[in-house]
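Okay, thanks for coming, everyone.

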Amino acid sequence: MQKFYLFLTICLICFCLGVNGFGTCSFGESSVTFTCSDSLATVRSKGAYCIKTVRNLTVCSGYRQVSSDNQDPILAAWDGTKPIWCRTDIEITGDDSKGVGLLYNPDNFRTYAFFTVTGTQGTSEQDYRRFTTKGWMNSYGAGGGPKGLVVVEFATGTGVIRNGTYINASVNGKANTISRVAGAGFNRNNIVLGLWSAFHARNTNKSAKDCNCPTGGCQDTTYYNNAKLWNWEIVFDPTLNRAIFSCAPACDTVGSTQCRNGHVVRSCGTNNWNWQTRTVA
């Protein structure tokens with residue numbers, strides 16, 4: 001029994017530092033290509049995002065180069081070294097989309113995948129919209145070009161996608177860029193994401209935040225690829241149907257309803273990210 005509790009404790013506190021490897025999360029900005037015929041060893045050697053999940057299954061994500069100017073996402077799972085499923089049909093339009101991360105919650109056995117998206121092409125049966133009908137954002141929205149994010153929750157044993165949501169910033173009523181996922185974790189069983197967002201991050205009701213910098217300047221911004229980005233933390237319920245909390249410290253007053261100090265996050269991993277507005281568990 002002591003060994004069991006020791007194992008459980010290790011599972012609950014294990015984390016990854018934004019690098020590709022086994023753990024409860026693996027995410028970043030870049031992505032790698034692989035195919036359904038590749039072995040797990042090959043996929044791992046390429047640097048794909050891979051995690052261990054329920055029953056010790058391994059899931060990896062990346063993309064397929066389907067033409068000279070189009071990439072589609074790929075998501076696959078293995079039991080040991082035996083492949084059990086591989087999905088190349090998640091998004092099959094002319095839009096560029098890649099797998100950029102995975103996140104697993106050992107408390108409720110839910111697994112999430114992160115994909116990039118740059119607009120809407122084709123029909124809803126060919127892209128993420130068929131998975132996001134009940135999501136916080138059910139589509140990319142107006143505009144096209146700026147990189148957004150899609151998060152889906154799926155069954156690791158079958159690859160069936162249960163729920164999903166789009167996430168992007170908003171400027172002049174159109175979609176704006178989410179540069180990358182830089183932090184991920186859980187508040188109880190709610191999923192918490194730390195994002196680098198272009199102008200403007202969104203409130204929980206999806207409206208654009210009023211990001212006029214407070215006195216002293218915008219302390220929670222950075223420059224990345226010569227673009228100014230905002231620190232944005234957002235919390236979703238486990239089904240991704242509802243945003244519970246949304247804080248961009250450069251836009252919201254710390255300690256306000258939107259930025260409550262002490263909002264506990266069990267951090268899975270970070271990539272140069274500090275959970276600045278809440279206590280990390």
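Predicted model: local features only at pLDDT ≥ 70, side-chain atom pairs only at ≥ 80, totals over all residues.

Residues are numbered from 1 along each chain as its sequence is written, and side-chain values use heavy atoms, with hydrogens and water left out.

So, disulfides, meaning pairs of cysteine sulfur atoms within 2.5 Å. The count is three. C25 and C268 are joined with an S to S distance of 2.1 Å. That pair links distant parts of the chain, strand 1 to strand 17, 243 residues apart. Strands here are DSSP E runs of at least two residues, helices are H or I runs of at least four, and both are numbered from the N terminus. The S-S torsion of C25 and C268 is about -120°, so this one is left-handed. Both cysteines are buried, where buried is under 20% relative accessible area, exposed is over 50%, and partly exposed is in between, with a 1.4 Å probe and protein chains only.

Next, C36 and C86, at 2.0 Å S to S. This link is also left-handed, with -80° about the S-S bond. C36 is partly exposed at 39%, and C86 is partly exposed at 28%.

C50 sits in strand 2 and C60 in strand 3, ten residues apart in sequence.

On to salt bridges: a Lys or Arg side-chain nitrogen within 4 Å of an Asp or Glu carboxyl oxygen. There are seven. One of them pairs K147 with E29, closest N and O atoms 3.8 Å apart; those two residues sit 118 residues apart, each in a loop. D127 and R129 come to 2.9 Å, and both are buried. R162 meets E153 at 2.7 Å. R162 is partly exposed at 47%, while E153 is buried at 0%. R110 joins those two in a salt-bridge network.

Last, the nonpolar cores: buried Ala, Val, Leu, Ile, Met, Phe, Trp, Tyr and Cys residues joined through side-chain atoms within 4.5 Å. The largest has 50 residues, with F114 and L193 making the most contacts inside it. Apart from that lies another core of ten residues, including L40 and C60.
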